[in-house]
Each structure stands twice: as structure tokens, then as C-alpha cells.
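Let's take a look at this protein together. Have the sequence and the 3D view open as you read.

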Amino acid sequence: MADRIPLMAGNWKMNLNHVEATGVVQKLAWTLSDKRYDKAKAEAAVIVPFTDLRTVQTLVEGDKLPIAYGAQDVSVHASGAYTGEVSADMLAKLKCAYVVVGHSERREYHGESDEIVNDKAKVVLAAGMTPIICVGEKLEIRKEGRQVPFVLDQVQKVLADLTPEQVAKLVIAYEPVWAIGTGEVATPEDAQEVCGAIRRYIAEELQGADAAAGCRIQYGGSVKSSNIVDIMAQADVDGALVGGASLDPEEFAKIVLFYQHA
Ligand SMILES: O=C[C@H](O)COP(=O)(O)O
């Protein structure tokens, strides 16, 4: 896995208000420190609702916690009359390290296309943060055995016009939609098949070998402490985007600390 430090990102989705966030982040930090967490072996991040960001920032900075944080979405617009939107500069001002773009729930419920996801990735990069760009196929595509070409087509579109240097630093999350929140986890081999194909495609067809070697590719979909070790044993899986299991700080800490059992 070269020198790519695995990224374990907990996507809280629309769960945990800012008061609850304090307790969860503190408990996560205590548990990690208790278990001698080593930042060089895995990076821990929480991807929280917008309303939690300032609280999490204050906690992380104040107590110097070894936890990165970020947002779940961003506007493509820089500023102006876009009611309800949050700009990349606003997130950068809150010192977000990461911004998730193109999550399948945004694609499904808010009609986000690959082109919008590409625009969002660009504004995140321009504001100095790292996008976690989500791709993944629905069940019918998987049943037809078309998951690899389908996801590579998404990858080509969401990475359009990005430079090799930008791609080397970003994160791609492969999340088969049929495995999200369903308890239906892809096998480690399923995850490797698509993550490996993404890396080869970037190397051979898109931004080149250095970009492919630097880019971190996560798996997401019903990740738990009981399956993370086998998933992380795959050559092209550089971490996980974790939904439900990240709401429990003890369970999420076990996922971050997967390397202690690898
Ligand atoms: O962003 C996270 C994914 O949607 C996975 O969610 P899940 O772990 O609850 O299946």
C-alpha cells in the first residue's frame, strides 16, 4: 500500500446534534488514546453535520485531539443568493480537512450528477481542503456484472480536468449503493476488484502513475469492526467511509485501530 496512510472517516450523516457531537468526539479521543492509537498507522476523521462543525473544531483544537474533521457536502457557488447552501470558503474557515462530495444519498435525493460532483471537488480543492469523492453502483448494475465499467465511467467524469497533483492528494470512496446501511457488505474481493480497477484506470488512462499511487481509495458500505481487517488487507483499499458504525465511538475506534489486529 506504499506510503498511503489509511483514512478511516466516520460519516455521521444527519445524526448527532452539536451537544451529542461533543460526547462522541471526546469518547472517541479517549478510547483511541487508551488503546495507544498511532496516527502513522491510520488517520481518524469525523464527517459531521454542518451545525456540529464549530463545536468539533473547538474541541479538536482546544484539546489537540488526533482527529480530523470535515463536512458532508458543499455548494458549487462561492457566495451569494443561494439559500441553504454552505460555501467551500466557509468550510475552510472552520479548518475542515475533508469534504465528502457525491455521496450516493446526495445523488439519489438531491439529483447530483457526476458533473456537479466534479464541480464540487474542484471548489473543495481550490479552498485547500481534500475532497472525498464518492462513486459506486446500484444493485441492478452489480447484478448485470457491470460494476467495473460503470464505476470507471463515474471516475472519469468526477476527476475531469483535475491535475495529476490534485488527484494524488484526494480521496475516492467506492461505495456500492446496495451495501450502504443494509448490512450487506461487499466481500473484500468485491472491494478490491473495483478499488484496484479505479487505481489502474487513473494510472493508465487518466492522470498517470504518480496520481494513482498517491490517491487514497476507500471502501464504504456496512463496515464494522468485525469486517474491517479483511477489507483493509486488500492491496488497493486505503481506508473506509463508515456510516452507522461511526456513531458509536467505541465501535468506530476499533475500526480506526484495525491495524492492531491485521
Ligand atoms: O458514508 C458512508 C456510507 O454511506 C456507508 O454507510 P453504512 O456504513 O451505514 O453502510
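Start with Phe258: its relative accessibility is 8%, so this residue counts as buried, the cut-off being under 20%. Keep in mind that this is a predicted model.

What about Tyr259, buried or exposed? Tyr259 has a relative accessible area of 16%, so this residue is buried as well.

If you search the whole structure for aromatic pairs, you find two. Phe258 and Tyr259 make a pair: their ring centres are 5.9 Å apart and their planes sit at 85°, so the pair is edge-to-face, a label for angles over 60 degrees.

Now let's move to the ligand. Where does the ligand sit? You'll find the ligand in the second largest pocket. Around the ligand there are 13 residues, and the closest are Lys13, His103, Gly181, Ser222 and Gly244. Sorted by class, that shell has four nonpolar, seven polar and two charged residues.

Here are some contacts with oxygen atoms of the ligand:

| Residue | Part of the residue with the N or O atom | Distance to an oxygen atom of the ligand |
|---|---|---|
| Asn11 | side chain | 2.9 Å |
| Glu175 | side chain | 3.3 Å |
| Gly181 | backbone | 2.6 Å |

And how much of the ligand does the protein bury? Taken alone, the ligand exposes 300 Å², and the protein buries 95% of that.

How values were computed
Residues are numbered from 1 along each chain as its sequence is written. This is a predicted model: local features need pLDDT of at least 70, side-chain atom pairs count only at pLDDT 80 or more; totals for chains, interfaces and linings use all residues. Side-chain values use heavy atoms; hydrogens and water are left out. Rings of Phe, Tyr and Trp (its six-membered ring) pair if their centres lie within 6.5 Å; planes under 30 degrees apart count as stacked, over 60 as edge-to-face and the rest as tilted. Buried means under 20% relative accessible area, exposed over 50%, partly exposed in between (1.4 Å probe, protein chains only). A residue is near a molecule or strand if one of its heavy atoms lies within 4 Å of it. A polar contact is a pair of N or O atoms within 3.5 Å; within protein, one must be able to donate a hydrogen and the other to accept it, and residues adjacent in sequence count only if both atoms are side-chain atoms. Accessible areas come from the Shrake-Rupley method with a 1.4 Å probe; for residues, only the protein chains shown count as cover. On a 1 Å grid over the protein atoms alone, a cavity is a set of points where a 1.4 Å probe fits but cannot get out, and a pocket is an open set with protein on both sides within 12 Å along at least five of seven lines; lining residues have an atom within 4 Å of a point. A molecule sits in a cavity or pocket if more than half of its atoms lie within 2 Å of its grid points. Ala, Val, Leu, Ile, Met, Phe, Trp, Tyr, Cys and Pro count as nonpolar, Asp, Glu, Lys and Arg as charged, and the others, Gly among them, as polar.
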